[in-house]
Amino acid sequence: MAALLGHTLGTPALTPLEALDLFAVSGLDGAEIIWQDGYRGGIPETENGEIVRNIGRRARDLGLTIGCLTPYVTDLNSLDEVIRQRDIARLAAAMQTAKALGCSRMRVYGGALLGHETDEEVRLMYRRLVDSLRTLGEEATRDGLVLCVENHFSTMTISAAETARLMADVDSAGVGILYDQANLTFTHRESYEEAIELQAPWIQHVHVKDLEFIDPHKVLTTSSVARIDKADRVHHSRMIGDGILEWPAIIGKLRDAGYDGSYSIEYEYRWNPDDLPEPGTGFPESARRLRMLVGPAA
């Protein structure tokens, strides 16, 4: 059966080791861990290997898997070749961390697209993104890893259609899709029925979260890829089952499409702590609700 993961986006006050302890007592099967300097709940890009070894030992002791590594690398499509190559190298380093953790999935952004670019720049940036992912996909395939491009605002893969097009153009066994229906919903893109149908051949990982609109008619505008400024927000974060997303139907549609991979609870406590119960309460309850939909642990 599908594995349920806790995401360290939801544990900003905990180290990865402490987050693993929480995920274990919450009844989860593993973790999705952020790879980023300066975040307590993540693995630093600059770490020397000791943190990774300790995480691996703790996960094994707890009977957990590290199901996904999540870097914050946004410039695979940069028109500045120095910056693009820098971020290809950063992701290559993250892939080595994933390999050391026995991790088979890694989240990647579909570049950055903030809305001020010209049409010609967008065309050139897209070609750069395809080239970057082909290069990284070759290495990922050799390592038994899949790079999962997320449906995400302020990138070149905001919609399911854009993400599916990218998969067809990259055409690599080492590159797949991270399906995030919440992101598609608050950016007013595809319904879950259409999104899953478009992306089904490539879905390799799923983020689970819920939301309520602040203003369902407001168009989201952002100045960054990773987070939404408070003044720009169009939705509140919610625990699964407390928002508007039809998670029983979404999971049923994924199952019908043949998906049997992991579901990661992307509890957005790092960005929106006022919206959600504290992690010690929110993760066990989210895990309980999600387990009822997905089924018993393998």
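## Close-up views of a predicted model

**View 1. Helix 5 beside helix 7.** Helix 5 (residues 160-170) packs against helix 7 (residues 192-199) at an angle of about 5°, and their axes lie 9 Å apart. Axes here are lines fitted to C-alpha atoms over the stretch in contact, with angles running from 0 to 180 degrees between N-to-C directions. The two helices are therefore roughly parallel, a label for angles under 35 degrees. Ala160, Ala161, Thr163 and Ala164 of helix 5 meet Ala195, Leu198 and Gln199 of helix 7, where contact means heavy atoms within 4.5 Å.

This is a predicted model: local features need pLDDT of at least 70, side-chain atom pairs count only at pLDDT 80 or more, and totals for chains, interfaces and linings use all residues. Residues are numbered from 1 along each chain as its sequence is written, and side-chain values use heavy atoms, leaving out hydrogens and water.

**View 2. Arg90 meets Glu45.** These two side chains form a salt bridge (a side-chain nitrogen of Lys or Arg within 4 Å of a carboxyl oxygen of Asp or Glu), with the closest N and O atoms 2.7 Å apart. Arg90 belongs to helix 3 (residues 81-100) and Glu45 to the loop between strand 3 (42-43) and helix 2 (50-62), so the pair ties together parts 45 residues apart in sequence.

**View 3. A salt-bridge network.** Glu45, Asp75, Arg86, Asp87 and Arg90 are linked in a network of salt bridges. Within this view, Arg86 pairs with Asp87 at 2.9 Å between the closest N and O atoms.

**View 4. A pair in helix 5.** Arg165 and Asp169 join in a salt bridge (3.7 Å, N to O). Being four residues apart in helix 5, they are separated by about one helical turn.

Notes:
Angles under 35 degrees count as roughly parallel, over 145 as roughly antiparallel, 65 to 115 as roughly perpendicular and the rest as oblique.
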